[in-house]
Amino acid sequence: MKILMVAPEQIPVPGSGSVEICMLAIAKRLAVSHQVTIVSRRGSGLPRTSRKGNLTIVRVPAGSSLQYISSVLQYAKGKRYDIIQVDNRPHYMAKVKRLFPHTPVALFLHSLTFVPRTSAVSASLAKADLIIANSDSLKSNLSRMFPKQASKIRRVYLGVDASRFKPAGGSRSSGAFRVLFAGRLVPRKGAGILIKAMGVVRRTHPGARLTIVGGGKEEYVRKLKSLAREQGVPVRFAGRISHRRIHHLYRKADVFVCPSQRHEAFGLVNVEAMASGLPVVASDIGGIKEIVKHGTNGFLVARYNSPEAHAEWIGMLAGDRELASRLGRQARKDAVSRFTWKKTADRLIAIYKTRKH
């Protein structure tokens, strides 16, 4: 099949945004058997076109949202594809469908961020031949918000590169208990809740240490640092780390914590942590519970806005290294058996083949 994938306008491919990371990983798997082109924005230091085997990445001008979609349409005009996938941008998808009325066009949604329940979004979604959601939670939310489109929605889980995200060799140290957070530093991701939780954990486990990976607005990061000082919690703020290098951080941790305070459609970081052999303590919210199984590969926190509730499970793992190790081994098994990019690509192509004209 000839497949066109249209990326959002904000970050070039390859890039460190989760949507771009997912698109490239899926495209590489699809390109084993199909001709795949990703259209993305231009980025400094990146060529206008990159080719590797059956995968081509074309980068077009993107001064504004309008300029970007115009550039995408200009590139695609007159070409032939068997399927077109537009990621996370319903209005772009509708414009692409207008240009390709006889080609199946799919909208791959990674979250609810770009699909507020408005008449404009509803009108755009009506143009899609297929809507792909990355979890059952996202699928059910979309079906409830846009009932007329429910029959078009399919669920395709995201994946992980299990050969790169893998446990560190040898047994984990019995010294400091190392807690890891990775994500955008915005209030909804819950880093502040985690810092407070660590304050509670350290009363009984003074060796517990926290590393926070990710960037955010300077003012908010300052607030988090000040909170850590108030709580007497030693925190290493590692800042933004390229996705190409982030697997090294997972290997140095004993547990991964995802204290999200608002709906997470999937939560890619949890799968990366699990593949790295880490038990996960995560908010019981959105699609997270489709990945983290309570008491099997980690723990789900029902009262996720309570620092004490997170502290209870982190403390349990800090106090029982054998339990942490057992859950971590199961986490690795679950990630490898359920969440690989090959599985993602295979399911996606099976869905696309049913729609091929």
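How do the residues of the lining of the second largest pocket divide into nonpolar, polar and charged? They divide into nine nonpolar, seven polar and seven charged; Ala, Val, Leu, Ile, Met, Phe, Trp, Tyr, Cys and Pro count as nonpolar, Asp, Glu, Lys and Arg as charged, and the others, Gly among them, as polar. This is a predicted model, in which local features need pLDDT of at least 70 and side-chain atom pairs count only at pLDDT 80 or more, while totals for chains, interfaces and linings use all residues. Residues are numbered from 1 along each chain as its sequence is written, and side-chain values use heavy atoms, with hydrogens and water left out.

**Second largest pocket**
- α1 (18–30) gives the most to the lining, with six residues.
- α1 and α9 (268–275) each supply at least two residues of this lining; helices are DSSP runs (H or I, at least four residues) and strands are too (E, at least two), numbered from the N terminus.

**Serine 40**
- Serine 40 lies in strand β2 (residues 35–41).
- Serine 40 counts as buried because its relative accessibility is 0% (buried means under 20% relative accessible area, exposed over 50%, partly exposed in between, with a 1.4 Å probe and protein chains only).
- Not counting residues up to four places away in sequence, serine 40 touches Ala7, Ile11, Pro12, Val13, Val58, Arg59, Val60 and Tyr68 (contact means heavy atoms within 4.5 Å).

**Helices α10 and α11**
- Met316, Leu317, Ala318 and Gly319 in α10 meet Arg321, Leu323, Ala324 and Leu327 in α11.
- By class, this contact has six nonpolar, one polar and one charged residues.
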